[in-house]
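This report examines selected helices and residues of the structure shown below.

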Amino acid sequence: MYQQVLDPVADSLGWSSLVAALPLAVLFVLLGGVRMRAWQASLIALAVALAVAVWTYGMPADQAFLAGSEGAAFGFYPILWIVINALWVYNITVATGHFDVLRRSFAQVSDDSRLQAVLIAFSFGALLEALAGFGTPVAVTSVMLIALGFPPLKSAVLALTANTAPVAFGAMATPILTLGKVTGESSDTLGAMVGRQTPILALFVPLVLVAIVDGRRGVRETWPVALLCGAAFGVAQYATANFISVPLADVVASLVSAAAVVLAVRLRPSAAPAKPAPVAGGAADEPTPEFAARVEGRDGGHGEGHGAGHGGDSRAEAARAYAPYAIIIAVFVVCQIGPVKDLLDRATRTFSWPGLHLTSPSGKPLALPTFTFNYLTTPGTQMLVAGLITMAALGVGLGRALRAYWTTLVQLRWAIITVMAVLALAFVMNASGQTVTLGTWMAGAGGAFALLSPILGWLGTAVTGSDTSSNSLFGSLQVTAANKADLSTVLMAATNSSGGVLGKMVSPQNLAIAAAAVGLDGREGDIFRRVVLWSLLFLAGMCLLSGLQSTGVLGWMVP
């Protein structure tokens, strides 16, 4: 049995927090400064976390390693289980040629690369986030952008930056439903509050995407459509989360924003397409030889006129190209129906991780050692079912499907190591008390905690790669801090989720998935340096919003 300690260094929360932050500091310095491969940096940071847990916090070595093993298992199931099956469905569409039809369909909406980035990375990515989450939209949309002619590095940056505003309602609002469980607050109320924060973020994300593609000129020439897309998404997300259904918020918002872009493109006068400006010079922007060969092999090549593609696809071909995503939506919606969900949930099994025994600083047993196998209700299994139906719809044989699955595993091999190592690190930090030390130290800020609350959510997602995990980690702490500082518990709990969405783009887990998808394994540090400033800028805005919502200025926004 191990009982957590909050202040092991000189009985000081401040000094203890400095030591507790060492694993994270090592991780981000190795990624952004040393440019080390993500899987190597993650393993080194995991070793640092284990050392801090054992030598500073006095955690028995066997308990520390058991916590790490549970984290690695959680990284594979359910997180990688979702990503692997989602990418498998995508690879089936590539193998059958239907991905090219889908890509040409998107290209026909507009030949302007800046608007293509908004439509695919933001609107279509939000739909994928709504259905599967956990890195799926980053992997799929980044490759779609490459097929339209964007350089691999820029594609990864665009996909990661776009994967912000939809995250809190991702995977059918799993982060918010989890937040409701750990805080005791109504998930509907929490969803309504998040729906009054992230829509404001959504307003600016398409403008940032346009700026990444084509700098100031891109913003100057396309801001009306980009702003319309963000506004349509934000209004739809707010309305759905507050008045219709929290789990469906991103589904509705993504479709409405896509429709707004298509309508705007149809109505606005045609303009000459703009070639994307490079994100950075050098070889990092170019595809690796083997990835270039893979793209050429499935796409027939693409040149300067990106977005032009091959025309002449019949309506039947287009319908078959969209069929996998229609099937995914149908499967996920059916599985959310009350009686169906209850039936599937009967297969869920929960058990305590063997040998792991943890208590909080007050002596209460922790829920961390509890591991849940939700075989049928996890989005990964539902994605697998959607893939099997897709095989039938597209006439894909078993052999071809298995080859696509093997291709997916090879493509994600380094990402798999990274995700499992990062989740092992997160569980060691959580089990030993390192994360609680950091959170408790920040919670001592009193009324100013309203400004710091998003940082806590950002930190949780940056470490775990999941807004759901961040809410599990810090949700109850946010409520405790809110009560101590006489702040709204709903506001602080929801802000944890809203702040967490901004840590998604810098989490090693998602960096590794993005790098694997675009064929830039080992370049995670390059991607990190190009998204971290946007992440911090958005975070500063969320801190300001949270602070104002805790006062009379914007307090009327709190339900």
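Is Ala-393 buried, exposed or partly exposed?

## Ala-393

Ala-393 counts as partly exposed because its relative accessibility is 35%; buried means under 20% relative accessible area, exposed over 50%, and partly exposed in between (1.4 Å probe, protein chains only). The model is predicted, with local features needing pLDDT of at least 70 and side-chain atom pairs pLDDT 80 or more, while totals for chains, interfaces and linings use all residues. Residues are numbered from 1 along each chain as its sequence is written, and side-chain values use heavy atoms, leaving out hydrogens and water.

Ala-393 lies in helix α16 (residues 379–394); helices are DSSP runs (H or I, at least four residues) numbered from the N terminus. Leaving aside residues up to four places away in sequence, Ala-393 touches Arg-320 and Ile-327, contact meaning heavy atoms within 4.5 Å. Arg-320 is 73 residues from Ala-393 in sequence, with a C-alpha to C-alpha separation of 7.7 Å.

## Gln-411

Gln-411 belongs to helix α17 (residues 398–411) and is buried, with a relative accessible area of 10%. Its side chain makes a polar contact with the side chain of Asn-91 at 3.5 Å. Such a contact is a pair of N or O atoms within 3.5 Å; within protein, one must be able to donate a hydrogen and the other to accept it, and residues adjacent in sequence count only if both atoms are side-chain atoms.

## Helices α20 and α21

α20 (residues 449–464) passes α21 (residues 467–485) with axes that come within 8 Å and cross at roughly 155 degrees. The two helices are therefore roughly antiparallel, a term for angles over 145 degrees; axes are lines fitted to C-alpha atoms over the stretch in contact, and angles run from 0 to 180 degrees between N-to-C directions.

Notes:
Parallel < 35°, antiparallel > 145°, perpendicular 65-115°, else oblique.
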